[in-house]
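Hello,

Here is the structure I promised to pass on to you.

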Amino acid sequence: MAADAKEFETVNSGPPAYNEKIEDSTAKHDEFPGDTGRRQSVALNIVENPLKRKSQEQAVSDAREWAEAHGMQEHASLFGRAALVARDPERFERIGELEADELEALKYERDHKWHGSKMLWYSISLCAIGAATQGWDQTGANGANLSFPKEFHIDQGAKNEWIVGLINSIIFLTAGLIGAFIVDPLNHYFGRRGEIFITALCLTATPIGSGFAKSWQGLFAARFVMGIGIGAKNATVPVYSAEMAPARIRGALVMFWQLWVVIGIFLGFCANIIVKDTGDIAWRLQLGSAFIPSFILGVGIFFCPESPRWLMKHGKMAKGFRSMVKLRAHKIIAARDYYYSNVIYAEELRVAGDSNYFTRLRDCFTVPRIRRSNYGASTVMLAQQMCGINIISFYSSSIFEKVGYTAEQALYASLGYGAVQVVFTIPTLFLIDTKGRRTLCLITFPLMCLFLLAAGLSLLKTDGSRGEKIGPVVLFVYLFTIMYSLGEGPVAFQYSAEVFPTIHREQGMAWAVCINNTFAGILGLTFPRMQTVMTPTGAFGFYAGLNLIAWFMIFCFVRETKQLTLEEIDQVFSVPTKQFIGYEIKIWLPYFIKRHLLRKKIVKPPPIIEKAESADSIPTA
């Protein structure tokens, strides 16, 4: 934070992606006449549209020249009009140069939030199906934990507890420590689509290999390779989705990733139950069935366009625009989004200069704007493991069996856990872009702490009927899962995929995936032994405490990004960390306590970040 404090000296010294070019303004706390509950104040920091620095004539001229310079002469006039729309997107109806069909398309987009091209929906949906691989594998191993340790004679003793934990966790350790860091070269040489196809092949073959394992060492080897594929896929698919999605619904569309992770969890539990009566090969079928979504992903990705921003990054401007046209409902919308992305990207390039993989990775820790986004992404990824959800995802069948369920009943109870995740992830599709990523996490983490602690304490009840002993445990596990599904679950990968600049997106996402999967691996490795040493109640209580620590980390380091373009997010992270935390502690927290806990009608303080057009719309006293 000391470094952040010095950054006030460099305000306005460079392009918007990296420097402190956010405009400071005096906060005014005047009330609206006759209304003490509304805000009339100016944001402390304004998210600026860089095209507004130019006159309309200059913006049009620059856009036309850019189109002609990159082999798009036939679209020069289109990009000129698109530049005017991008310059003032809220007041496009005042632009007289727009053609009638373009004006109608922009109006329809404004009035129909979920409007988009068929290819956009197809591409986002296909990527979401790819997310099911991870969830399906987790639950396949969850059910297989009831059987494969006995077959390989590793079901007794402290050493064997570590072996079982290692087999469960190795896919996450290799995903975080190997898979995440081969993303940049794979993306560089094969593109987003090519990288996804390669990882889909890997994740089709390795579950089948797991099913044919003849020893625990063979099972370990198959899952070792599977983890590399999972890490590479996890670091690319959310980025690919984020780069295709419009800003107004990017959170909801990219959140399909989490929705399909939990659908994969649910389908994996379904597969566990379907094959439970197949005898000794049941666990093999449970592990092997995870190839299904990866196979669909590998075949379907051939029909998707390449990421427009990836093509832009590699100098293929005309091809990138053709890709964007497929992903938008009208050419004027495609030209607006594509040209605005290029304006910011060009400034990023001037700052980054000649960079390579290692210098870009270093930038994630040394360049102030990127370091702050790394704070946020690392926080939400680490918090996903700190909250304890994966002790349920990995070991719910074993946990339920230990509290008194039969193996079959434990599988059905786990199926209920998967169903709860699916059902309560769906509302977040609509909440993530209205309530926001940060708000959802701050609300749900304290409740997750409460319910996980209650589940752990319920394990202490040893008398009474089986229903009296088991019922509270299952209830509180389900309530905990509901809170996770409404907050941290959908936010983690969504947030990490959108907060890094275009140039550093692969490295930033790779680091975030490394954090997430490495700690998932540590969790999976340690929990079997933790249950023995600390007792299940102690283990649950330990993770309940971590929820409170995670809440504090989110409060300090996670900034709101709802309904901002990927380029405007650059400016959100230009606010120094010291200033951001000071605002949250000194202004936002006192307001929240007085307004929502003490129920006082007080004026809402100015936000620390606000879009320029929103700030302009607030009348001044």
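Gly524 touches Gly165, Ser169, Phe394 and Tyr395, leaving out residues up to four places away in sequence; contact here means heavy atoms within 4.5 Å. Gly524 is found in helix α25, where helices are DSSP runs of H or I with at least four residues, strands are runs of E with at least two, and both are numbered from the N terminus. With a relative accessibility of 0%, Gly524 counts as buried. The cut-offs for that word are under 20% relative accessible area for buried, over 50% for exposed, and partly exposed in between, with a 1.4 Å probe and protein chains only. Gly524 and Ile171 lie 353 residues apart in sequence, yet their C-alpha atoms are 9.9 Å apart in space.

Before you go further, please note that this is a predicted model: local features need pLDDT of at least 70, side-chain atom pairs count only at pLDDT 80 or more, and totals for chains, interfaces and linings use all residues. Residues are numbered from 1 along each chain as its sequence is written, and side-chain values use heavy atoms, with hydrogens and water left out.

Staying with helix α25, which covers residues 505-557, you will find Met530 there. Met530 is buried at 13% relative accessible area. Setting aside neighbours within four places in sequence, Met530 is in contact with Thr535, Ala539, Phe542 and Tyr543.

Thr535 deserves a look of its own. This residue also lies in helix α25, and its phi is near 70°, a positive value in a residue other than glycine. Most residues other than glycine have a negative phi. Thr535 is partly exposed, at 40% relative accessibility. A positive phi turns up at His153 as well, where the value is near 60°. His153 sits in the loop between α6 (148-151) and α7 (158-177), and it is exposed, with a relative accessible area of 64%.

Now to the charges. How many salt bridges does the structure hold? There are 19, a salt bridge being a side-chain nitrogen of Lys or Arg within 4 Å of a carboxyl oxygen of Asp or Glu. One of them joins Glu102 and Arg81, with the closest N and O atoms 2.7 Å apart. This pair links distant parts of the chain, since Glu102 is in helix α4 (residues 100-111) and Arg81 in helix α3 (residues 76-87), 21 residues apart. Both ends are buried: Glu102 has a relative accessible area of 3%, and Arg81 has 14%.

Lys107 and Glu93 form another salt bridge, at 3.8 Å between the closest N and O atoms. Here Lys107 is in helix α4 and Glu93 in the loop between α3 and α4, 14 residues apart. Lys107 is partly exposed at 24% relative accessibility, and Glu93 is partly exposed at 46%. These two belong to a network of salt bridges that links Glu93, Lys107, Arg110 and Asp111.

A further salt bridge brings together the side chains of Arg360 and Asp184, at 3.4 Å from N to O. Arg360 is in helix α17 (residues 357-366) and Asp184 in helix α8 (residues 183-211), 176 residues apart. Arg360 and Asp184 are both buried.

Helix α8 also holds Thr199, which is buried at 4% relative accessibility. Beyond its neighbours within four places in sequence, Thr199 is in contact with Gly229, Ala232 and Lys233.

Last, the surface. Tyr122, Ile292, Phe295, Ile296, Val299, Phe302 and Phe303 form a nonpolar patch with about 680 Å² of accessible area together. Patches are made of residues with over 30% relative accessible area and no salt bridge, joining like charges within 9 Å and nonpolar side chains (Val, Leu, Ile, Met, Phe, Trp, Tyr) within 5 Å. Accessible areas come from the Shrake-Rupley method with a 1.4 Å probe; for residues, only the protein chains shown count as cover. The largest share of the nonpolar patch, four residues, comes from helix α13 (residues 291-300). Ile292 lies in that helix α13 and is partly exposed, at 37% relative accessibility.

Best wishes
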